[in-house]
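Let's walk through a structure together, one feature at a time. Keep the picture open while you read.

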Amino acid sequence: METKPHQQLHIFFLPFMGQGHTLPLIDIAKLFASRGEKSTIITTPANAPLFTKAIQTSRSSGLEIELLLIKFPSAEVGLPEGIESTNWGSKTAEMAEKFFKALTLLEQQVEQLLDQYHPQCLVASSLFHWATDVAAKFGIPRLIFQGPGFFSLRAAMSVTRYQPHMKVASDSESFVLPNLPHEIKMTRNKLPSFVKQNGETELMKLLRECRETEKRSYGIVINSFYELEPDYADHYRKAFGRKSWHIGPVSLCNKAEKDISARGREGSVDDVHECLQWLNSKKPRSVVYVCFGSLNSFSDCQLLEIALGLEASQQQFIWVVKKENNDEEEWLPEGYEQRMEGRGLIVRGWAPQLLILQHEAVGAFLTHCGWNSILEGVTAGVPMITWPVFADQFYNEKLVTQILGIAVAVGSQKSEDGGVKSEARASVKREAIKMAITEIMEGYEADGMRRKAFALGETARRAVEEGGSSFSDLTSLIEELRSLGS
Ligand code: UDP
């Protein structure tokens, strides 16, 4: 049937309440809107302030994008008022269980909104397993938004299907992930804790239900680009058996400086300018940017090791620490900031990561390997030091160190449970940090890695330009959705 020429799609987006999902999904909503479609993002009151600014600026530049609020069922699950995302202050395993339970209780409110607005598609984060059936009630497709890229999804699938970790004698004995294009070795220590636990926790139950509804969903949207992981894009598509579209790096939709600096932050951008001024005074590729994502809360003794490792490296650095100014600073050695003045800048709280990575003064990125950070590092063309902490991060490390050859590993060996505060110990020592930084900044292979990273960054940018692989995949997705509604 012929499609109507200017039929506008209305797409609903439901991001999981954590920056690692919310930020890319908002970018995806902007991408659809930039193609002339209408995007509506569903979120809860405590999460909304993090991106109302982004939505205002998009609207003032003519994009049709809006926000709808639903109530987070804190009281129903016994969570304190206002805790509506994974970025809460003091995490405990018990709170994490309640949080995951609350996600399953949002179904009815989303159903009411679909009934009221009649969108043509619902794009929901993978953890909202019920979204597939809710969308089906209204005869519209549900697309899954998966946080990670193809490599990590394929690696996780290999573990779930073949259970290679059950065939080794100890947590530190390595095994090969079966049926992948490369020989990828892992240990039980590096696998997410939910793979290894006995009994079914709320998170495991949620993940099982997600896997089951994947089979009934229309398809999957992935924040990656084909040229980054072609073998795994092909392999995943064959093994997954559903449609998938790669449309990233989606962060590249933020072009204006005000969009980039406001991304993910609530309130003032004064510290953004301070950060940029500091970088402006540095030589090209002379600064190491250190950030562990939005969730990570290292123990004070691990923070101390990082401080001393950075000092010993003798390199310049920006280090983002998820502590507020008024937190007690026992984790910093006495007189540290005075000693580092001019050489190291500590950013407390939220850093303008995209702006920093794109600055020519940045020469390397020490990252926890969250998929967004990896992709943002790749896009900026910067070589990386990998320090995975939990979840898919250990798989992402393999992609950039072993397959792409644009990173060195600091030597993190054990997955920490992301839902709870990390143990009061330092698993990575100052010497290892110093060595990895020296290797990436001035080691034997530093130039080669820098060249490869730079070339990948160029490829990433081409992928989202008209005619590029991600641009074309998004066009196909829009055309397909439009054909379903005609
Ligand atoms: N981010 C940021 N400033 C910070 C910390 C994080 O802008 O201080 C952004 C970062 O650019 C990325 C996202 O938050 O887009 C974090 O996602 P990622 O997948 O890297 O890690 P997660 O936080 O989910 O572990």
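Q: Before we start on the strands, what makes two strands pair?

A: Two strands pair if DSSP finds at least two bridges between them. Keep in mind that this is a predicted model. Here, strand β1 (residues 10-14) and strand β4 (residues 121-125) run parallel and are joined by four bridges. To see one of the partners, look at isoleucine 11: its bridge partner in β4 is cysteine 121.

Q: In what order do the strands of the open sheet come?

A: Read across the seven strands and you get β3-β2-β1-β4-β5-β8-β9, with parallel pairing. At the edges stand β3 (65-69) and β9 (243-246); each has a single partner strand, so one side of each has no neighbour in the sheet. From one strand to the next, the twist averages 25°.

Q: Which strands does helix α20 lie across?

A: Helix α20 (residues 469-485) lies across β4 and β9, and its direction makes an angle of about 135° with β9.

Q: Now the ligand. How many residues surround it, and which are the closest?

A: There are 20 residues around the ligand, and the closest are Gly20, Gly293, Ser294, Gly370 and Ser373. Two or more residues of this shell come from each of α1 (19-34), α15 (353-358) and α16 (371-380). The most come from α16, which gives four.

Q: What kinds of residue make up that shell?

A: Sort them and you find eight nonpolar, ten polar and two charged residues. Both domain 1 (10-248 + 464-485) and domain 2 (257-460) supply at least three residues to the shell.

Q: Let's turn to the backbone. Which peptide bond is cis?

A: Go to the bond from glycine 248 to proline 249: it is cis, with omega near 0°. You'll find proline 249 in the loop between β9 and α11 (257-262).

Q: What is there to notice about phi of arginine 285?

A: Phi is positive there, near 55°, in a residue other than glycine. Arginine 285 sits in the loop between α12 (270-280) and β10 (287-291). Glutamine 314 also has a positive phi, near 65°, and belongs to the loop between α13 (300-313) and β11 (316-321).

Key: Residues are numbered from 1 along each chain as its sequence is written. This is a predicted model: local features need pLDDT of at least 70, side-chain atom pairs count only at pLDDT 80 or more; totals for chains, interfaces and linings use all residues. A residue is near a molecule or strand if its C-beta atom, placed from the backbone, lies within 6 Å of it. Ala, Val, Leu, Ile, Met, Phe, Trp, Tyr, Cys and Pro count as nonpolar, Asp, Glu, Lys and Arg as charged, and the others, Gly among them, as polar. Domain bounds come from an automatic or database domain assignment. Axes are lines fitted to C-alpha atoms, for helices over the stretch in contact, and angles run from 0 to 180 degrees between N-to-C directions. Two residues are in contact if their C-beta atoms, placed from the backbone, lie within 7 Å.
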